[in-house]
Amino acid sequence: MNIDKSEIENFDNYAHEWWNKRGPYKFIHLLTPIRLKYISDKLKLKGSKILDLGCGGGLLSEAMTNCGADVIGIDASLKTIEIAKKHAKEQNLKIKYINTDIESFDHKDKFDAVICFELIEHVPDPNELIKHMSRFIKPNGKLFLSTINRNLFSFMFAKVFAEYLLNIIPRGTHTYEKFLKPSEIRQMLENNDLSISDIQGLKFNPISNTFKLSSFSKINYFITALHNE
């Protein structure tokens, strides 16, 4: 199973804080609008069937559902899925949440898009993750992926500054050695019948606490890949 149990335990510890905008997941709250924009610029959300892998407490799943998408969210953390279900019910949103990993996910139909944001750097075998995601994407469907580059910039800003100085994500969330360069992701995608159609970076303004899309991809970056089959 392509899961690091220590990673799941780390997310379990903060599961109850998912919808606290000032809590340990405030970084994800800040990211959600730009994540939604990145997807909606490249996919008509209304009517699309989407798998949100590593959905967490459901921030992006709910945002996409509010735009008319038909979303299934899966996460390996049971506590997290319970929070997501509870919040969706409170908002009267019909989102199917399942406590599972992509290898064990049992679903006969394929999706217009699979979302994998800030997850690939938390699994033992990134290529295996992409392999299993690809089998759930329709021909010409899309994979939306985001992760963290591996270099001095990302070490300083995504690890040291974010976790220890700015405290915008919980300490210990990331392991630098697991960060992935775009060239490494590209090879894994090509190994699994996927081809990159777009790469964009992110810039964070710590004064206004806002993100914007950028050509600067040395730290966080988004990828859109098309399924070639």
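Predicted model: local features only at pLDDT ≥ 70, side-chain atom pairs only at ≥ 80, totals over all residues.
Helix H3 is mostly covered, with 7 of its 8 residues buried. The buried residues are Leu 59, Leu 60, Ser 61, Glu 62, Ala 63, Met 64 and Thr 65, so that the list includes Glu 62, which counts as buried under the cut-off of 20% relative accessible area.

Two packed helices are described by the angle between their axes and the distance between the axes. For helix H2, residues 26-40, and helix H3, residues 59-66, the angle is about 40 degrees and the axes are 10 Å apart. H2 and H3 are therefore oblique to each other, since an angle under 35 degrees would have counted as roughly parallel. The crossing of H2 and H3 is right-handed, and the contact is made on the H2 side by Ile 28, His 29, Thr 32, Arg 35, Leu 36 and Ile 39, and on the H3 side by Leu 59, Leu 60, Ala 63 and Met 64.

H4 runs over residues 78-90, which is 13 residues, and it reaches 19 Å from its first C-alpha to its last, close to the 18 Å expected at 1.5 Å a residue. Which residues of H4 are buried? They are Thr 80, Ile 81, Ala 84, His 87 and Ala 88, and, seen down the axis of H4, these buried residues fall within an arc of 130 degrees, so they line one face of the helix. On the other side of H4, Lys 86 and Lys 89 are exposed. After H4 comes Asn 92, with a positive phi near 55 degrees.

Next, a loop residue. Phe 105 lies in the loop between strand E3 (96-99) and strand E4 (111-117). Is Phe 105 buried or exposed? Phe 105 has a relative accessible area of 5%, and because that is under 20%, Phe 105 counts as buried. Leaving aside residues up to four places away in sequence, Phe 105 touches Leu 51, Ile 72, Ile 74, Ile 98, Thr 100, Phe 111, Arg 135 and Phe 136. For Phe 136, which is 31 residues away from Phe 105 along the chain, the C-alpha atoms of the two residues are separated by 9.8 Å.

The axes of helix H5, residues 126-134, and helix H7, residues 182-191, come within 9 Å and cross at roughly 40 degrees. H5 and H7 are therefore oblique to each other, and H5 passes H7 in a right-handed crossing. The contact is made by Pro 126, Asn 127 and Ile 130 of H5 with Met 188, Leu 189 and Asn 191 of H7.

Helix H7 also holds Glu 190, which is partly exposed, with a relative accessible area of 47%. Glu 190 and Ala 225 are 35 residues apart in sequence, and their C-alpha atoms are 9.5 Å apart in space. In the loop between H7 and strand E6 (194-205) we find Asp 193, which has a positive phi of about 60 degrees although it is not a glycine. At 37% relative accessibility, Asp 193 counts as partly exposed. Asn 140, in strand E5, residues 137-148, is another residue other than glycine with a positive phi, near 70 degrees, and Asn 140 is exposed, with a relative accessible area of 63%.

Finally, the overall picture. The protein has 7 helices and 8 strands, and buried residues make up 52% of its 229 residues. Among the contacts with a separation of 6 or more, 70% are accounted for by residues 24 or more positions apart.

How values were computed. Residues numbered from 1 in each chain as written. Heavy atoms only, no water. Helix = DSSP H or I, 4+ residues; strand = E, 2+ residues; numbered from the N terminus. Expected span 1.5 Å × (residues − 1). Buried < 20%, exposed > 50% of the residue type's maximum accessible area, 1.4 Å probe, protein only. Arc of directions from axis to C-beta. Axes fitted to C-alpha atoms, helices over the stretch in contact; angles between N-to-C directions. Parallel < 35°, antiparallel > 145°, perpendicular 65-115°, else oblique. Left-handed = near helix turned anticlockwise from the far one by under 90°. Contact = heavy atoms within 4.5 Å.
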